[in-house]
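Please have the model open as you read.

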Amino acid sequence: MDWSGKRLLITGASSGIGAATAEAAARRGAVLALVARSKDKLDAVAQRIRHPGGGVTTHAYDVSDPEQVGRLAAEVPTPDVLFNNAGAGQWKPLVETEPAEAAAMMGAPYLAAFYTTRAFLPAMLAQRSGVCLYMNSAASRLVWPGAAAYTAARWAVRGLFEAVRAETAGTGVTASMATFAKVSSEYWENNPGSEGHVPKAQTFVPVLSPSRVADIILDGLAAGHEEIVAPWQLRLIFLASRLFPAVARRQLRRTT
Ligand SMILES: NC(=O)c1ccc[n+]([C@@H]2O[C@H](COP(=O)([O-])OP(=O)(O)OC[C@H]3O[C@@H](n4cnc5c(N)ncnc54)[C@H](OP(=O)(O)O)[C@@H]3O)[C@@H](O)[C@H]2O)c1
């Protein structure tokens, strides 16, 4: 994929991985629509990446609200790549998670990705092209204690990705999922307490920077990959957990 002139819509573009992907895609010539709730932060990202001839628009919406997603779809042209990245939530044991927190964590990432896909997919199907990209975490395949609502939401996103991949097969539209271990984004400050529930197994996996993650995502999409997993140590852990599930479960119960 040549990124020059490609329309990329990113949810959760006001910080971390979304902002870094916006900056990297702008350098490759993409035209960007940036979405998040914080208008000031979005405008600051747009300010950093505005470049001669390049287009950047900002859209301050809560994508866990279907009505706001409808307004977003009415003001943004059909994207070539729809990057469902918005997500938040403190990692906590189930009994410490309030019902409203669990609902909010299903709101974003999962329902946000569902609503946004539903809003843009008909036009993508009509033009017989486009990529629906889903951001995901190691928690979509591995389970450790202390992140119950986060884990459930991540499995939901993986299910959504698989469903969209099945429903778009042969249409010209494709689905991709990008799965990462720990990334040194603002996530950990934005969701205090989460870091204390990172499994010890993470010690064996390098922490990636948001800008490295952005390049891996853009290169992976350009190469047509439907499943992007990084770093390679995470792929190894996924394989080991499929081959030796009981051992993997035991190891993952040890947290930092
Ligand atoms: N950091 C990691 O280790 C890691 C690893 C794997 C996967 N991920 C996933 O990667 C995604 C990006 O996270 P990050 O690490 O870049 O964290 P981050 O810096 O906290 O960014 C999260 C982004 O999502 C936006 N957002 C949250 N809820 C939203 C909503 N309801 N509507 C619109 N935007 C919303 C936030 O902006 P506003 O608050 O302005 O709305 C922000 O731009 C998340 O889904 C996260 O779970 C992170």
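In this predicted model, the side chains of D43 and K39 meet in a salt bridge, with N and O 2.7 Å apart; the term stands for a side-chain nitrogen of Lys or Arg within 4 Å of a carboxyl oxygen of Asp or Glu. Both residues sit in helix 2, four residues apart, about one turn of the helix. Helices here are DSSP runs (H or I, at least four residues), numbered from the N terminus.

The structure holds eleven salt bridges, including these:

| Pair | N to O distance |
|---|---|
| D43 and K39 | 2.7 Å |
| R48 and E23 | 2.9 Å |
| R165 and E162 | 3.1 Å |

R48 belongs to helix 2 (residues 39-49) and E23 to helix 1 (residues 16-27), so their bridge ties together parts 25 residues apart in sequence. R48 is exposed, at 54% relative accessible area, while E23 is partly exposed at 22% (buried is under 20%, exposed over 50%, partly exposed in between, with a 1.4 Å probe and protein chains only).

R165 and E162 lie three residues apart in helix 5 (residues 148-168). Salt bridges that share partners join R141, E162, R165, E226 and E227 into one network.

Now to the packing: helix 3 (residues 66-75) and helix 4 (residues 99-126) meet at about 35 degrees, their axes 9 Å apart. Axes are lines fitted to C-alpha atoms over the stretch in contact, and angles run from 0 to 180 degrees between N-to-C directions.

Residues are numbered from 1 along each chain as its sequence is written. Local features need pLDDT of at least 70, side-chain atom pairs count only at pLDDT 80 or more, totals for chains, interfaces and linings use all residues, and side-chain values use heavy atoms, without hydrogens and water.

Technical notes:
Helix = DSSP H or I, 4+ residues; strand = E, 2+ residues; numbered from the N terminus.
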